Amino acid sequence: MHLSFPNSVTLLITSLVVVALSRTGSRLKHSRPLTAFLARRLAATFITVIVVHACAFALMRAVPGGPFDTDPRMDPIVRANLVARYGLDRPWIESWLSSLGGVFRADFGPSMAWRDNSATEILGAGFPVSAALGALALFFAIVIGVPSGIVAATQRGKWIDPVIRSVSSVGLAVPNFLVATVLISVFGFGLRWLPVAGFGTWRHAILPAFALSLPVAAALARLVRTGLLIELPKDHVRTARAKGLSPLRVLWVHALPGALGPAVAYIGPAAATILTGSLVIESMAAIPGMGTHFVSAAMNRDYPLALGAVVIYTTLVSLFNVFADLAHARLDPRIRL
Amino acid sequence: MSAPMSPWAILRRDRTARACGIVLTAIALLAILADALPFSDPGFVSTSRRYQAPSFSSVWEPAPRAASDVVGVWSVASRAIRLAVFGDYQIGPILGTDELGRCILSRTVFGSRLSLLAALAAACVTLLVGTAVGTWAGWKGGRIETTIMRCVDLADSVPVVFVVIFAVSFLRASGITNPSAKVAVFFLTLGAVTWITMARLVRAHARSLREQGFIESSVALGLTERRLVWKHLLPNLVPTMLVGMSLTIPRILLFESFLSFLGMGVESPDLSLGTLARSGFGAFNPIEPRAWLLAVPGISLAALLLALNLLGDSIRDAFDPRLPR
């Protein structure tokens, strides 16, 4: 079986999530009602999705004039047919219910801008691309952010700590699109190491993923640093050191698990940050992901596509929050689920 | 052992906070006084000067006649001051010009105006709504608190940017043609999504205050609820509000520039740092990079955000001494 690059990354991430979840389950089986927690949180996700869908739908319907009013040459009969095809002539409660039903069948209706495709087809084609990009960005963020935080905390008072802190302040403050432009012009146009735009191979993903990862990496570095600074002076760490364990073992086994809590809980907001960033980065680098489709749908008033994208994004962010809480509880037994 | 310093004293001693305060004051003054300073008209088209690179060939030059009408007391007064102080002269295009020969320096200064106004407007909404909801929930407790906090939780698990883009795109389509109404709608949408952080922070603090002795004794003294909340609860919540604002304002600025960069925020002929960055990116190409078009508004935006973030960090450090620095 041949897997394209985006699909293989998606598969890898899904399996990692499944493994992490199952290990969390085995650890918590005897102590806490994991199923009750999952049921509660998934119900909350469900409600969130319904509320967001309702708000977005109400907004769509509240706007006077339909998406087909812009073409003055359109035959009134044609327009009436189009309005009927997209269900815009039905009473709003009926069309809301049918739209909501469609959401749970992953059927977002026909796209209004790409008349040959359904919104589900378009979003389905964009999803693996965005997922691969987002996963790579998250990977970069962890690989850059966590070690930087550890170094900054353990080398406190040396020159490297203020350097890391300043860089992370800059990384948090400077908008993604500026970082991406600088990266594209230096590594793409200037040094010609990497392609400037488009998508297809792993080389295309590096620059956008790196630009996406920077704010998350900066936030992670800070959280890990603060967590370690709280954890390192604690008694159990001092005891471990007094027993004569190697500094690396003290750090890795005794200090880090307690210190990583806030960083792990940040996975949810990190996912939101990366998804948000992907809107502008995908549009800039002409990557055919969900973000590009969402932006163009919002511009073209393509209701079904925009609505579908908002629902998917909401679901993703909610699920990442659930996952973050689970992982946090796995790391820190004091956290009640 | 000496008495612990007050947070304000810590903040005044913090060198980063002072530097950021100076930078932010300078930017704010530049934006407020833009009309009174000798910048060229940001909308003045000069086809003979298209895409001029930054240069000091014409630093101080005679000003052409103002193209746009001067309206409003503030603008008229500013023009009068400008004429009196600087005469009929203006700063030349030292930071380059755009595709219509408009001065990038003056466009950036006038663009930062709208960006800052967006932050101010949305911050006001956040302050009013967030504090009101948070105080109410934290003070009343019980079922009201639970309901409000459930709503806040729900709103928190929604990716706000998507909802804002959705809302803005449909509000734009709704036939509002008055440009200032459009901008106002945009600002209010921004504020409507950022109050949640504030509500959450204020609620937590109000709740912990409610349990404390001075509130209990005020209740025992028979103070009216209104007096209690206004005189005893709210003044003690000010640090939390400050922390909330320090989190919110940079976020709104980032939002504004982000949406304007995508082409969904401020629209031409209005200017903001985001729209300037957008047109700079649009003009960017490997053969003629014209980097100044993007670099000038981009660096200004980055500096503004960095100063705000660093000041916010200092405020949080000063008011929350439990965290190690």
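# A walk through a two-chain model

Start at one residue, B:Arg102. Setting aside residues up to four places away in sequence, B:Arg102 touches B:Pro42, B:Gly43, B:Phe44, B:Val45, B:Gly96, B:Thr97 and B:Arg107. Keep in mind that this is a predicted model.

Where does B:Arg102 sit in chain B? The residue lies in a loop. On one side of that loop is strand S2, residues 89–91, and on the other is helix H4, residues 104–140. Is B:Arg102 buried or exposed? Its relative accessibility is 15%, so B:Arg102 counts as buried. The cut-off for buried is under 20%.

Now compare sequence with space. B:Arg102 and B:Cys20 are 82 residues apart along the chain. In space, their C-alpha atoms are 30 Å apart.

B:Arg107 is part of helix H4 of chain B. With a relative accessibility of 10%, B:Arg107 counts as buried too. Which residues does B:Arg107 contact, leaving aside neighbours within four places in sequence? They are B:Pro42, B:Asp98, B:Arg102, B:Leu271 and B:Leu276. Note that B:Pro42 is in the contact list of B:Arg102 and also in that of B:Arg107.

Next, turn to chain A. How many helices and strands does chain A have? The count is 14 helices and 0 strands. Chain A has 337 residues, and 47% of them are buried.

Contacts tell you how the chain folds back on itself. Take the contacts in chain A between residues at least 6 apart in sequence. Of these, 74% join residues at least 24 apart. Chain A exposes about 16300 Å². Carbon and sulfur atoms supply 68% of that area.

Now bring the two chains together. At their interface, 48 residues of chain A are in contact with 37 residues of chain B. The size of an interface is often given as the accessible area lost when the parts come together. Here chain A and chain B bury about 3600 Å² between them. Of this buried area, 82% is on carbon and sulfur atoms.

What about polar links across the interface? One residue pair is found in polar contact there, with both residues at pLDDT 80 or more. Which helices of chain A supply at least two residues each to the side that touches chain B? They are H2 (34–62), H6 (160–173), H7 (176–190), H8 (202–231), H12 (267–284), H13 (290–300) and H14 (303–331). The largest share comes from H14 of chain A, with 9 residues. By residue type, this side of chain A divides into 32 nonpolar, 11 polar and 5 charged.

Side chains of opposite charge can pair when their charged atoms come close. How many salt bridges does a search of the whole structure find? Over all chains, there are 10. Across the interface of chain A and chain B, the count is 1.

That bridge joins the side chains of A:Arg222 and B:Asp313, at 2.7 Å from N to O. Its ends lie in two helices: B:Asp313 is in helix H11 of chain B, residues 292–319, and A:Arg222 is in helix H8 of chain A. B:Asp313 is buried, because its relative accessible area is 17%. A:Arg222 has 25% relative accessibility, so it counts as partly exposed.

A second bridge stays within chain A. The side chains of A:Lys234 and A:Glu231 meet at 3.3 Å, N to O. A:Lys234 counts as partly exposed, because its relative accessibility is 29%. A:Glu231 has a relative accessible area of 7%, so this residue is buried.

The side chains of B:Glu145 and B:Arg203 meet at 2.7 Å, N to O. This pair links distant parts of the chain, 58 residues apart. B:Glu145 is in helix H5, residues 142–156, and B:Arg203 is in helix H7, residues 179–210. B:Glu145 is buried, because its relative accessible area is 6%.

Finally, return to the bridge between the chains. Salt bridges that share partners join A:Arg222, B:Asp313 and B:Arg316 into one network.

Conventions. Residues are numbered from 1 along each chain as its sequence is written. Chains are lettered from A and ligands numbered from 1 in the order in which they are written. This is a predicted model: local features need pLDDT of at least 70, side-chain atom pairs count only at pLDDT 80 or more; totals for chains, interfaces and linings use all residues. Side-chain values use heavy atoms; hydrogens and water are left out. Helices (H or I, at least four residues) and strands (E, at least two) are DSSP runs, numbered from the N terminus. Buried means under 20% relative accessible area, exposed over 50%, partly exposed in between (1.4 Å probe, protein chains only). Contact means heavy atoms within 4.5 Å. Accessible areas come from the Shrake-Rupley method with a 1.4 Å probe; for residues, only the protein chains shown count as cover. Buried area is the accessible area (1.4 Å probe) that two parts lose on being put together, summed over both. A salt bridge is a side-chain nitrogen of Lys or Arg within 4 Å of a carboxyl oxygen of Asp or Glu. A polar contact is a pair of N or O atoms within 3.5 Å; within protein, one must be able to donate a hydrogen and the other to accept it, and residues adjacent in sequence count only if both atoms are side-chain atoms. Ala, Val, Leu, Ile, Met, Phe, Trp, Tyr, Cys and Pro count as nonpolar, Asp, Glu, Lys and Arg as charged, and the others, Gly among them, as polar.
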